[in-house]
Structures are given as structure tokens and as C-alpha cells.
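Please look through the structure shown below with one theme in mind, the pairing of charged side chains. The paragraphs that follow go from one pair to the next.

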Amino acid sequence: MNWDRIEGNWKQFKGKVKQQWGKLTDDELDVIAGKRDQLVGKVQEQYGISKDEAERQVKTFETDLRDTDLNQPR
């Protein structure tokens, strides 16, 4: 899935982000506002992981959304 699409529909995706990274608060998600680099930074900060690991997790999340999106009827 194109990250621009996620950013543009952030309110719809916030729930999925919250499911994936439950330590992120609603306020943090509002500040992130769909910005990929900010999401990576907050995941890194909240979970005490490396930037590379946070990047990997966000990339996996992106791929999973793409796969889910492809299986949705149009």
C-alpha cells in the first residue's frame, strides 16, 4: 500500500496501528498524523528497539495492509 494513501486516510488506519502497537497513545497517533518517519520514531521510542527494527516492523505493517487491501472487494 502506498504510504500516501495511509497518510491521507490516517483516521481509518489509526485503529490498525493501535492494534499493532498498543503502547502508542491516541495523542501520539494524532501527532504522528500518518507521517511514516514519525511512526517509526515513536515505535522505536515506546518499545525500546533499534531504528532498523522499528523500520522493519513498519514495513511489515505496510505489507500486511497491502495484502489485506488486495483481498478486499472493490
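A residue is called buried when its relative accessible area is under 20%, exposed when that area is over 50%, and partly exposed in between, using a 1.4 Å probe and protein chains only. The model is predicted, so local features need pLDDT of at least 70 and side-chain atom pairs count only at pLDDT 80 or more, while totals for chains, interfaces and linings use all residues. Residues are numbered from 1 along each chain as its sequence is written, and side-chain values use heavy atoms, with hydrogens and water left out.

Side chains of opposite charge can pair when their charged atoms come close. A salt bridge, meaning a side-chain nitrogen of Lys or Arg within 4 Å of a carboxyl oxygen of Asp or Glu, occurs 7 times in this structure.

Consider arginine 36, which is partly exposed at 22% relative accessibility and forms a salt bridge with glutamate 62, their closest N and O atoms being 3.0 Å apart. This pair links distant parts of the chain, since glutamate 62 lies in helix H5 and arginine 36 in helix H4, 26 residues apart; helices here are DSSP runs (H or I, at least four residues), numbered from the N terminus. Glutamate 62 counts as buried, with 12% relative accessibility.

Arginine 36 also forms a salt bridge with glutamate 55, where the closest N and O atoms are 2.8 Å apart.

Another salt bridge joins lysine 42 and glutamate 28, with 3.9 Å between the closest N and O atoms. Because lysine 42 lies in helix H4 (residues 36-47) and glutamate 28 in helix H3 (residues 26-32), the pair ties together parts that are 14 residues apart in sequence.

Definitions and conventions
Helix = DSSP H or I, 4+ residues; strand = E, 2+ residues; numbered from the N terminus.
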